[in-house]
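Trainee: Could you pick one spot in this model and look at it closely with me? I would also like to see what lies elsewhere in the chain.

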Amino acid sequence: VSRQLKEEIRRGFARLEDPLAGLLAMLESSSDWKGKGHSLGYCITTELQLWIKEHPAVPQSGTKLKKLQARVLGMLSQCPANLLDPLISIYQLHTVDRNYLLEHVSHLYLQGDYKEAAILSIKLKLQPDQDVEKMCTPLLLQDKANLVEDYVTEYPELQRKLLQTLDTWCDPSFNIRDITRPYQGLSRYKPEKFNRRVLSKLVFRLLERFNVDPALCPNVINQRHLRTLNYLFYKRFVEKTMTEENWADHIQSTVGENRWLQGHLVQSLLRHCGTHGAARWAQRCRVPPEMLPRAVAEELQKLHVQDRVEEVTKADNYEDSKKKDYYQLPIPRENIHFLQTWEETLQCWEKVLQPGQVVGVDMEWKPSFGMVGKPRVALLQLALKEEVFLLDLPRLLEQAEAEGEKEKLPRFIQMLYSDAAITKLGYGTSGDLSSLAATCSALKDTEKQMQGVVDLLAVDKQVDGLSPEHSHKERGVRQPEKGLSLLVQHVLGKPLDKTEQLSNWEKRPLREEQILYAASDAYCLLEIYERLCKDPESFGLGSDLTESLVGKQSKKPRAKKQLNKQEAPSPSGQECQGPRTEPSRPPAPISPREFSVVCDNMLQGLGRYLRCLGVDVRLLDNEDDHRKAAEIARQEGRVILTSGLPYQTLRSQVGEGRCFSVNCSEKAKEQALQVLKHFNVQVSLSDIFSRCQ
């Protein structure tokens, strides 16, 4: 606003006998003030607010002010959002009788102005005297979850009440239509955004944001555990990519002593490994005999309690004979050190923090299977040429805290990452560091300070001939390799054995297979880097590999738009986020008719938009599990389009480059442009509306 205009406004106030009444009369008669943005009305209002601070004598007497307040209240539900705070301040609405304010908000609510009623309640801090379920239900039906979040932000008791209400709605026996029925004529009602899956995601987001004990929401937690249970059976008996021990660890930590989950476990065991197998596992998981079907209970009686639980599944297990198919550590077993004390760790530091040292760095954490919170790092692997150190992070942090020196570990890690004289090799460094920051808050700025980091994920994007299909043909029936395993196969000749990838890394002691897997994951980075530096040209890389990579591509490009709160950066980097360099050649151009996708259920708008452009699109229904997208993609050769956390699960179930994460905060048109550009899809005029809508 020009200085001249401000001066004119202030002279006007000075001439008025009653500036507050004058402002109100002007706003009531103005046609401009209902517009968005910095209107003239907004400029005058904010100037009056400043002027009042400089002229404290302005405040009005009781009766006169009350009349003005009543008029302002009537106006607030229609005025632009940026006028609310100045008007509340100028007319001292916080001093109005609380019952009068509550009555006014209730009147707005009964008129169907639910959003306006909620915003005014937040501004005037009326929430403790309102019914949280009543206020928030219509907002959720209108897909205004962010407003619901704001409504309870400052009130822990309301947060708990809201979460308990949402959890009740997520009970499978609860009829959601009972909630929606009174709001049938609701404007902007979005029934597709109001189902158990969407509500369950909201519950997890609120639990994490407000740091509430998940035990408050048993229905949602049980349903999530059940999905984890089904996923574990899929990995073990369908995909056959988990060992018996690894699978057993996860089953026991997921089911625990929860009777409801134990019942589901027994049913799944019966389906997959018969009565005998179900009985043995029921014994191992201490399922009470009264919960077992008669046939299983009878089988259990035949078993001797001291019997070791044998292999009861028909899944193909990891065998020594298969080792020759996979990358093997070239150093002896005694050179892998599992460190749990500070004395041992100090010796590791002395070796690692040497100028000129090249260190392979990797991290492991327990899979969260979609539960609350970011993963906490359970193991930090540091590989040198002759030996590998596995640091038991939870134990070391616990010890340091007990000794009153909790900055010890962060100091070492910061020294390592900020020293340009030490080359650090990683794969998806950005994701690893965000998990490290979640484990230890003192490390949250490590990524900004890091130097001398080579993220081999950036190299991966440039290496010639790297495609999962190529790998699949060579290896027959096994799952196609992807990610780091594919890079290891391409550069070193054999893939990584990933059967321990989804291990419970928090359980101690670690199994021997876990120790070897963790050491291999870090050590292979050294071998890849050495091979690429010796002969970059044969892999389609420039000869100045070291120069171009160290400390440059490890830094994140600044995002133009902030990611949606629900968007989780991929731990290993993904097509649209994290450290990356453009592939040396874009994919060959294709027409929309040749491009087939399956859209996850949070991207239905994108799916419909792509279909308008002639793309072959399949949409998941709201009630579908995200993993259905992977089934469709594999059966029909489609690319998966998804967003946020489901990307982590789905990308591991299809070939590299066959799963793409879209920014959920963008509109459908921007999302579509992002997809078309990435896959080089060229749309012509004849493609538009070429498919049935």
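Mentor: Happy to! First, a word on labels: helices (H or I, at least four residues) and strands (E, at least two) are DSSP runs, numbered from the N terminus. Keep in mind that this is a predicted model.

Our spot is D600, which sits in the loop between β7 (596-599) and α27 (604-612). Is D600 buried or exposed? D600 is buried, and yet this charged side chain has no salt bridge. A salt bridge here needs a side-chain nitrogen of Lys or Arg within 4 Å of a carboxyl oxygen of Asp or Glu. For D600, the nearest side chain of opposite charge belongs to K201, and that is 6.4 Å away. So which residues does D600 touch? If we set aside its neighbours within four places in sequence, the contacts of D600 are L620, H626, L641, T642, P646 and L650.

Now let us turn to the open spaces. The second largest pocket holds about 450 Å³ of space. It is lined by 20 residues, and R197, R227, N230, D625 and R627 are the closest to its centre. The largest share comes from α13, with 9 residues. Sorted by class, the pocket lining has 8 charged, 7 nonpolar and 5 polar residues.

Between α12 and α13 there is a loop, and N211 is found in it. N211 is not a glycine, but its phi is positive, at about 55°. With a relative accessible area of 69%, N211 is exposed. K125 also has a positive phi without being glycine, near 55°. You will find K125 in the loop between α7 (114-123) and α8 (132-141), and at 41% relative accessibility it counts as partly exposed.

Searching the whole structure gives 2 cavities of 30 Å³ or more.

One last stop is P509, in the loop between α24 (483-492) and α25 (512-534). The peptide bond that leads from R508 to P509 is cis, with omega near 0°.

Conventions: Residues are numbered from 1 along each chain as its sequence is written. This is a predicted model: local features need pLDDT of at least 70, side-chain atom pairs count only at pLDDT 80 or more; totals for chains, interfaces and linings use all residues. Side-chain values use heavy atoms; hydrogens and water are left out. On a 1 Å grid over the protein atoms alone, a cavity is a set of points where a 1.4 Å probe fits but cannot get out, and a pocket is an open set with protein on both sides within 12 Å along at least five of seven lines; lining residues have an atom within 4 Å of a point. Grid points are joined across faces, edges and corners, and a volume is the space filled by probe spheres set on the points. Buried means under 20% relative accessible area, exposed over 50%, partly exposed in between (1.4 Å probe, protein chains only). Lys and Arg count as positive and Asp and Glu as negative; His and the chain ends are not counted. Contact means heavy atoms within 4.5 Å. Ala, Val, Leu, Ile, Met, Phe, Trp, Tyr, Cys and Pro count as nonpolar, Asp, Glu, Lys and Arg as charged, and the others, Gly among them, as polar.
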